[in-house]
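The structure is shown first.

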Amino acid sequence: MKPVIVVHGGAGSIFKDREEGARSGIIRAALKGYSILKQGGSALDAVEDAVVSMEDDPHFNAGCGSVLNEKGEVEMDAIIMDGKNLASGAVSAVKCIANPIMLARLVMEKTEHMLLTDHGANLFAKAMNIPEIPGEKLITERSWERWSKKLEADSNPQEDKKESGTVGAVAIDNEGNVACATSTGGLSNKLVGRVGDSACIGSGGYADNHVGAVSTTGHGESMMKVVLARLVLYHMEQGMTPEKAADTALNYMKTRVGGLGGVIVVSNSGDWTARFSTKQMSWATVKDDWLQYGIYTGEMHTSSVAEALGSK
């Protein structure tokens with residue numbers, strides 16, 4: 001099986017001054033994940049490392065760069081899933097952790113549970129020697145400015161929530177195993193303790209070697225109502241291509257509950273797609289040593305991996 005990786009940096013509205021940073025970030029993440037796959041590494045390692053790359057990038061709403069809740073704090077959710085055995089690990093409402101996706105994987109591999117939350121997740125991180133960092137180190141100047149807007153008389157917090165959020169990755173490795181990973185800072189000005197789709201198996205992501213892997217992004221509450229990631233795979237089980245399955249699931253979410261979002265998909269045969277119903281979604285993929293990426297509907301840039309690495 002030829003390895004494939006697809007990553008996304010969030011569906012929604014990407015402001016012009018952040019487009020270049022978003023493109024660079026998703027390209028960097030995709031190349032990082034693909035290098036693991038090319039060396040014979042697992043899909044699980046590839047999606048984790050790709051997401052870590054985006055958690056460390058302040059252009060994305062995950063890790064450093066996460067938006068703030070109503071009290072001006074960062075609370076993050078993440079999930080990872082192994083398509084080989086349907087093992088999954090997730091964390092929700094975690095604070096003071098640089099890379100929630102790494103903690104989610106430890107939940108999967110070191111506990112009998114699938115989801116740890118808030119204080120319990122942080123206690124587990126301490127037990128696993130995951131360093132705790134000051135919460136303010138995760139807060140960028142941009143996130144602070146956006147949060148501060150809610151204090152202004154003419155602010156519109158609902159409008160502010162429309163900017164893109166969440167990062168994710170899906171991959172298939174040389175052995176034919178698939179995996180997914182999703183991480184987010186959630187909604188700007190959200191209630192303390194709010195958990196969205198990203199930590200919920202079947203909504204924020206799903207991976208099954210029998211079908212493929214999906215990572216989602218967009219309005220979390222809508223995706224939870226339709227269990228979006230698993231819905232995409234269900235349509236693929238019924239014979240749809242990844243692209244048709246993604247469009248059908250996104251359309252159902254839009255017409256049934258009024259939700260917008262995006263998905264990245266890789267099938268167990270190595271076919272892939274990146275589809276979205278929002279204005280934009282940053283995405284990138286690498287297959288057969290060719291990199292493709294875009295942000296707008298219909299946009300697709302292509303270059304060889306060698307060219308992409310040479311221009312970094």
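Met114 counts as partly exposed, at 41% relative accessibility (buried is under 20% relative accessible area, exposed over 50%, partly exposed in between, with a 1.4 Å probe and protein chains only). The model is predicted, so local features need pLDDT of at least 70 and side-chain atom pairs pLDDT 80 or more, while totals for chains, interfaces and linings use all residues. Residues are numbered from 1 along each chain, and side-chain values use heavy atoms, without hydrogens and water.

- Met114 lies in the loop between helix H3 (100–110) and strand S4 (115–117) (helices, H or I, have at least four residues and strands, E, at least two, as DSSP runs numbered from the N terminus).

**Sheet**

- Four strands form an open sheet in the order S7-S8-S9-S10, with antiparallel pairing (strands pair if DSSP finds at least two bridges between them).
- Strands S7 (205–208) and S10 (272–276) are at the edges with a single partner strand each, so one side of each has no neighbour in the sheet.
- Strands S8 (residues 212–218) and S9 (residues 261–267) are joined by seven bridges.
- Thr217 has Gly262 in S9 as its bridge partner.

**Salt bridges**

- The count of salt bridges is 14 (a side-chain nitrogen of Lys or Arg within 4 Å of a carboxyl oxygen of Asp or Glu).
- Glu48 and Arg105 form one, at 2.8 Å from N to O.
- Glu48 is in helix H2 (residues 43–55) and Arg105 in helix H3, 57 residues apart.
- Glu48 is buried at 11% relative accessible area, and Arg105 is buried at 13% relative accessibility.
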